[in-house]
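Visitor: Please take one part of this protein and go through it closely. I would like to know what surrounds it and how the neighbouring parts are arranged.

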Amino acid sequence: MPGTPHLVSDVMTRTVAAVGRGARFKEIVRTMQDRKVSGLPVLEGEGRVVGVVSEADLLPKEEFRDSDPDRGTQLRRLSDLAKAGALTAGELMTSPALTIRPDAPLAQAARTMARAGVKRLPVVDDLGLLEGIVSRADLLKVFLWDDEYGADGAEGGEPRTAPERGPLADDRPNGATGAGRP
């Protein structure tokens, strides 16, 4: 498709729920449930992304709750067993976080997610500070926009109109310690 490629900043979510390293397990789960998200960036200091905690990081606590894994399972699933005993975001998170810049093309974000097998990427500035988050669903939004090729790639659609970009919010529900920067 000729023309200017869509950028991460065109589709990213700017109001981001996030937690600090010290966030406790239940606080993480509560924030995910309240915000209806499956993962949260973990922030340090003034909003530098140091990791991501996802539902996949939380599940081992339940999986290994009433089990005594055999030696083979213990060796194969060492990381999951450690997460089963973890209490804070710092112990649970996947680190370092795989991130992307707001000026990156959507194709780059899609490739990064596919190759790494992740569902979301924190969007960061030059200093690694959180600006937003982009999910797989966000990447698909462009196919709903009217553009010069139409949603199915066929020529003849209406000229592209990108959604208006709102300001970044500092929204910290339920004790979450960070969000997108204003």
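Guide: The buried residues of helix α7 pack against α1 (8-11), β4 (120-124), β5 (130-135) and α8 (136-140). Contact here means heavy atoms within 4.5 Å. Helices (H or I, at least four residues) and strands (E, at least two) are DSSP runs, numbered from the N terminus. This is a predicted model, in which local features need pLDDT of at least 70 and side-chain atom pairs count only at pLDDT 80 or more, while totals for chains, interfaces and linings use all residues. Residues are numbered from 1 along each chain as its sequence is written, and side-chain values use heavy atoms, with hydrogens and water left out.

Helix α7 spans residues 106-116, and its buried residues include L106, A109 and M113. Buried means under 20% relative accessible area, exposed over 50%, and partly exposed in between (1.4 Å probe, protein chains only). Seen down the axis of α7, the buried residues fall within an arc of 60 degrees, so they line one face of the helix. The arc is taken from the directions from the helix axis to the C-beta atoms. On the other side of α7, A114 and R115 are exposed. After the helix comes G117, with a positive phi near 65 degrees.

Next, strand β4. In β4, 5 of the 5 residues are buried, so the strand is largely enclosed by the rest of the structure. In a regular strand the side chains alternate between the two faces of the sheet. R120, P122 and V124 lie on one side of β4, with L121 and V123 on the other, and both faces are covered. β4 pairs with β5 in the antiparallel sense over 5 bridges; two strands pair if DSSP finds at least two bridges between them. R120 has S135 of β5 as its bridge partner. The two strands form a hairpin with 5 residues between them, and G128 in the turn has a positive phi of about 80 degrees.

D126 forms a salt bridge with R101, the closest N and O atoms being 2.5 Å apart. D126 is in the loop between β4 and β5, and R101 is in the loop between α6 (89-92) and α7, 25 residues apart. A salt bridge is a side-chain nitrogen of Lys or Arg within 4 Å of a carboxyl oxygen of Asp or Glu. D126 is exposed at 64% relative accessibility, and R101 is partly exposed at 34%. R101 also meets D103 in a salt bridge (3.8 Å, N to O).
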